[in-house]
Amino acid sequence: MRKTKALALAALGTALTMGLAACGGTAGGGNNNTGTGNTGAASTAKHNDGYTKVVNPSDAKGGTLKFAYSDEPDSMDPGNTYYAWNWNFSRLYARPLLTYTAAPGEEGLKLVPDLAEGLGEASEDGKTWTYKLKKGIKYDDGTEVKAADVKYAIARSNFSAELTDGPKYFAEYLDAEGYEGPYKDKNLDNFKGIETPDDYTIVFKLKAPFSEFDFLVANPQSAPVPQAKDTGLEYEKAVASTGPYKMESYEVGKQLNLVKNENWDPATDTTRKQLPDRIEVQFKQNAEDIDQRLLAGQIHADLGGTGVQPAARAKIVADPKLKDSTDNPYTPFNRYAMMSTKVAPFDNIDCRKAVQYATDQVATQAPWGGPLGGDIGSTLMTPTTVGYQQFDLYPNGADNKGDAAKAKESLAACGQPNGFETNIAVRGDRPKEVQVAEALQASLDKVGIKATIKKYPSGDWSAQYAGKPDFVHQNKLGIMIAGWGADWPSGFGFLSQIVDGRFIKDSGNYNMMELNDPAVNDLLDKGIQTTDAAERNKIWGEVDKKVMESAAFLPFVYEKTLLFRPSTLTNVYVHPAYGMYDYTWLGVQQ
Amino acid sequence: MTTPSASPAPGSFLELRDLRIHFPTEDGLVKSVDGLSFKLERGKTLGIVGESGSGKSVTSLGILGLHKGGRAKISGEIWLDGEELVGASQDHVRTLRGKKMAMIFQDPLSSMHPFYTVGQQIVEAYRIHHKVSKAVARKHAIDMLGRVGIPQPDKRVDSFPHEFSGGMRQRAMIAMALSCDPELLIADEPTTALDVTVQAQILDLMLDLQREFNSALIIITHDLGVVAELSDDILVMYGGKCIEYGAAEDIFYRPEHPYTWGLLGSMPRLDREPTERLLPIKGTPPSLINVPSGCAFNPRCPYRERTGGKATTEVPQLVESDGGHLVRCHMPREERRAIWENEIKPMMEGV
Amino acid sequence: MVAFIVRRVIAAVLMLVIVSVATFAIFFLIPRALGQTPEGMASRYVGRDATPEAIQGAVKRLHLDEPLIVQYGRFAKGIVAGQEYSIGPRMVECPAPCFGYSFNNNQPVWPTLMDRLPATLSLAIGAAIIWLVAGVSIGVISALRRGTLTDRLAMTVALAGVSLPIYFTGLVSLALFAYTLGIFPGGGSYTPFTEDPVMWFQALVLPWITLAFLYAALYARLTRAGMLETMGEDYIRTARAKGLKERTVVTKHALRATLTPILTIFGLDVGLLLGGAVLTESTFSIPGIGKLVIDAIRGNDLPVVLGVTLFAAFFIVLANLIVDVLYAVVDPRVRLS
């Protein structure tokens with residue numbers, strides 16, 4: 001428990017290690033949430049209140065909820081988006097089979113049925129997952145949602161050449177060899193990965209057992225799409241809505257307006273509210289100006305959910321009143337460096353340990369914005385990952401500023417008592433990461449490790465540089481600065497891509513450690529086949545520890561953001577599964 | 001800076017009394033014109049001669065009142081047809097410009113506005129002082145162009161200055177200056193930019209027009225040759241002061257100032273190679289800020305040893321040598337005349 | 001004159017072809033030459049951690065695997081004859097001039113440009129009027145009162161205007177006038193004139209002033225310098241010698257000559273701005289061409305970058321042509337041949 005952490009967050013972390021055992025599968029409906037009993041006025045809300053309870057609770061309807069965003073999404077099509085905020089936001093008009101409990105804290109990481117009647121029922125062999133649709137769920141045009149629409153939605157989002165923006169997990173896990181997607185193959189019956197024995201039953205056929213399949217159907221790609229309404233790339237402009245809102249108009253790159261969907265039945269929906277009359281989103285807005293507008297109360301939330309810019313951050317930190325209107329949640333991201341176990345002298349574990357001990361983690365925290373930008377890390381999984389366990393194998397001084405003595409010991413053990421030379425690879429167009437590389441360079445220099453910083457463009461970082469082992473070996477990239485956030489908040493979701501030795505790819509490789517430890521691989525396999533959640537989450541913790549034992553993974557921070565909630569925003573809380581406010585709950589004061 | 005004069009109006013048409021035009025600059029006070037006086041009658045021509053920087057152009061602009069409202073400090077008196085101008089208001093003097101007195105400038109290409117036709121510029125000049133329609137003014141402009149000898153004036157009136165030849169431009173300039181029948185016409189180096197044959201035509205034209213309008217004419221030039229045949233009187237300026245003044249014959253046949261001798265020697269003549277100079281004036285014109293002590297011409301004067309040391313200590317006075325012939329020189333009159341008769345004149349005739 | 005314009009238009013078309021080839025080369029050829037693979041390029045336009053199949057799909061869909069000359073030919077053909085494009089369940093027609101589809105949001109480029117043009121036009125023309133009037137007036141007054149307190153004050157402000165980045169002045173003016181005083185609406189409030197003229201005006205006041213401030217400062221300095229030079233010209237002396245009133249001398253004679261070269265610069269500046277006022281549009285979140293192109297460059301959205309570059313080049317060429325013709329009209333010494 002050496003690492004600095006806010007008390008509440010430590011408690012959350014501990015609770016998370018208990019896993020999903022307590023998950024009852026029933027709705028964590030509106031008023032049962034921790035903290036919502038506190039009906040204190042907005043003005044009394046404190047910093048981080050939105051992290052543990054619902055701030056400014058209110059069921060008052062009406063008004064226009066205004067979002068602004070500095071960029072534009074890859075697509076507003078729930079089947080074609082990989083933007084974190086959009087997995088949150090798209091739930092306003094697209095209901096997946098499952099979703100996360102609407103609640104702050106660890107409760108929010110529990111899956112609950114959305115379109116489905118219950119969580120998935122796995123077959124004995126874990127390769128077949130069955131979901132039953134709730135009856136009577138309607139699209140905004142009044143037609144009923146059918147099981148085939150879910151099947152079609154997954155067919156188009158995972159098997160077409162046009163919809164390239166979303167993840168392809170279903171294509172990866174479903175047993176649908178040779179299927180060419182619904183645009184080339186108009187007969188949906190040829191898609192064998194999903195069966196719909198009747199209009200309300202959906203059966204997923206997997207290639208291999210996958211115990212966390214429920215997490216996959218909680219992503220927006222399982223939201224149904226009627227084949228007749230599908231216009232491919234154009235569908236994002238007229239999504240058939242199942243949620244409390246529907247699209248009124250969407251000008252790509254400019255503005256999206258949502259209005260109430262009268263065909264949404266709150267009786268079927270335990271996680272959403274329908275408070276504002278309208279929801280308006282402005283895209284491509286100046287990031288600094290978004291903050292100014294937020295602080296002035298002209299908009300209600302920054303859609304991106306990645307927090308305020310440095311200028312506003314400085315202003316907020318200096319003003320306790322403003323700070324009380326902010327929350328500082330974890331994002332799903334861990335910021336770290338990986339040491340290549342194939343680049344000398346990092347093929348020797350003691351040389352890797354020397355780096356672990358030598359690193360001044362306060363210095364590597366600073367570029368992210370200090371404690372508000374992230375907590376100093378010591379593991380792979382972040383505190384809001386299900387399965388997270390707290391431990392620190394390489395304590396580097398009481399103040400986290402590096403333990404030179406232990407680093408020297410490790411160097412000696414490695415046979416490099418006077419240090420050595422290596423390279424730090426970094427995405428040159430990411431100023432924060434470059435600053436981290438510089439801080440690391442300075443730390444290492446103190447114990448005699450001379451590191452040279454090599455900058456590469458982020459666009460081809462994964463395809464051509466750090467993600468290409470050949471390149472890494474040839475250029476002796478001993479240390480690579482990286483970051484990772486999981487698509488779903490479980491240990492498997494977080495770990496598999498970056499630690500599984502069988503996922504080391506010639507290009508686009510995320511296991512830049514090139515760690516191929518059979519023990520780790522076996523644990524991953526064992527975990528994903530373990531249906532008991534508590535048992536499974538324990539395994540993820542073991543994987544984390546095993547990888548940390550290799551000393552090839554050098555954590556910097558569990559990233560945090562600083563979210564601002566204007567006083568006009570009601571029903572605000574940080575949803576832990578998204579690391580931002582729950583957009584389906586927000587209301588506005590009029 | 002000007003004080004209304006108490007002295008009575010003179011009988012002459014134009015009279016300058018002790019005119020001083022000084023410019024304060026960062027480097028000091030520039031005394032461009034420093035105590036200049038002369039008279040001019042209607043129908044008569046005065047030639048003002050001097051090197052560049054001698055103050056002759058500043059004088060002419062001063063008479064037109066174009067230094068008013070600027071940085072210049074002006075004192076003395078300018079009497080024009082019974083009216084004192086130094087003390088008069090800027091706006092009043094403006095109403096006299098163009099009508100009562102007009103000016104012809106040195107370089108007609110740069111002195112005419114490049115964006116307006118010759119006709120437009122004459123029409124503008126005419127309509128400042130005559131409330132007539134544009135059509136009437138245009139007829140007058142064509143008429144004026146014809147009178148200064150521009151062929152096909154009804155066509156050329158719509159040409160731009162750059163479409164004219166140098167001589168034609170100067171004619172147009174004269175037409176513009178004369179468009180309001182000015183009683184005083186000042187021509188500042190009117191022929192400098194022109195070739196020799198055209199020079200003669202322009203000078204003839206000006207003389208003809210002067211006779212026709214019976215106006216007083218001041219011709220300003222650095223070239224004595226230009227004023228030789230035109231002028232009734234000649235005023236030689238040096239360092240902002242008049243150093244010799246007299247009838248044209250006095251200046252040409254009996255010049256008494258060493259500087260005038262130099263000017264005469266530098267005079268290009270048709271019977272002489274243009275580059276040939278008999279009596280070049282050595283040195284450069286004086287600085288108007290640090291005027292040489294004593295006689296301003298003394299650093300360049302070959303005869304300064306003959307002044308008994310006064311050349312560098314005492315400013316010579318402008319003294320009448322003979323009826324109306326004024327000279328500013330320390331040398332006694334007899335000695336000056338002897339030098340001219342015995343040393344300078346034979347040399348010039350010998351060529 | 002007509003022959004001149006025809007010749008210039010032909011030259012302009014050639015120029016645009018060269019610009020398109022150059023832009024194409026910068027964004028397609030150079031990355032290839034540096035070892036970029038079609039898959040590497042395509043990986044920018046698919047989701048995170050895409051499967052090789054998804055990347056291959058994108059390569060095919062965006063035609064990144066074709067030889068560059070074929071890709072350019074496809075692009076050029078689209079402009080002249082239009083092209084067809086798959087959105088999934090069916091093909092859609094992209095009529096000429098088809099500049100292709102955005103790699104990032106799949107929107108056709110030409111309609112997007114047309115959609116963004118009014119905002120840029122509104123911003124550029126409004127600002128241009130302000131800066132021309134303000135800049136020239138200040139410049140003239142400064143020149144006529146050279147060395148006085150007014151002159152020095154104006155030139156100090158002008159120096160600030162030239163030196164301060166729009167990004168800074170824009171955000172400060174927003175903070176002050178929109179969020180603190182509430183006189184004008186904040187960023188992102190641009191509304192098309194056709195929808196709400198009053199809102200259009202209100203939303204553009206700050207951007208106009210911000211943009212105009214920079215240019216007005218520039219033009220004030222230009223005008224002042226030009227005016228000082230002109231006032232020393234011989235023909236100004238002539239005008240005074242004619243007995244013209246000083247005011248007429250300044251407005252009719254001096255200003256006319258001073259403004260002619262400024263008009264040239266003005267034409268080019270406006271032409272340049274019609275290709276997008278990148279910083280102002282970004283700062284005030286105005287959905288114009290400049291905002292479009294800066295986002296496209298950041299997102300490696302090649303068809304959009306290409307489209308905007310050509311569009312901007314067109315305006316610059318057009319502005320040059322207009323300025324040349326206008327110059328001949330204003331300055332009789334210039335003849336078009």
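Biologist: Is R240(C) buried, partly exposed or exposed?

Modeller: Please keep in mind that this is a predicted model. Burial is judged from relative accessible area, and a residue counts as buried under 20%. R240(C) has a relative accessibility of 23%, so it counts as partly exposed.

Biologist: With which residue does the side chain of R240(C) meet in a salt bridge?

Modeller: Side chains of opposite charge can pair when their charged atoms come close. Here the partner of R240(C) is E246(C), with 2.8 Å from N to O. E246(C) has a relative accessible area of 38% and is therefore partly exposed.

Biologist: Which residues are joined into one network by salt bridges that share partners?

Modeller: The network consists of D71(A), E72(A) and K284(A) together with K291(C), D295(C) and R298(C). Over all chains, the count of salt bridges comes to 68.

Biologist: Which residue forms a salt bridge with K242(C)?

Modeller: K242(C) pairs with E124(B), and their closest N and O atoms are 2.8 Å apart. This pair crosses between chains: K242(C) belongs to the loop between α9 (234-241) and α10 (246-274) of chain C, while E124(B) belongs to helix α4 (residues 118-129) of chain B. Both K242(C) and E124(B) are buried.

Biologist: Where do R293(A) and D289(A) lie in chain A?

Modeller: Both are in helix α7 (residues 287-295), separated by 4 residues, or about one turn of the helix. R293(A) and D289(A) form a salt bridge whose closest N and O atoms are 3.1 Å apart.

Biologist: Why does R293(A) count as buried?

Modeller: The cut-off is again under 20% relative accessible area. R293(A) counts as buried because its relative accessibility is 2%. D289(A) has a relative accessible area of 0%, so this residue is buried too.

Biologist: How many helices and strands are there in chain C?

Modeller: Chain C contains 13 helices and 2 strands, and its C-alpha trace spans about 85 × 55 × 40 Å along the principal axes. Of its 337 residues, 53% are buried. Among contacts between residues at least 6 apart in sequence, 64% join residues at least 24 apart.

Methods: Residues are numbered from 1 along each chain as its sequence is written. Chains are lettered from A and ligands numbered from 1 in the order in which they are written. This is a predicted model: local features need pLDDT of at least 70, side-chain atom pairs count only at pLDDT 80 or more; totals for chains, interfaces and linings use all residues. Side-chain values use heavy atoms; hydrogens and water are left out. Buried means under 20% relative accessible area, exposed over 50%, partly exposed in between (1.4 Å probe, protein chains only). Contact means heavy atoms within 4.5 Å. A salt bridge is a side-chain nitrogen of Lys or Arg within 4 Å of a carboxyl oxygen of Asp or Glu.
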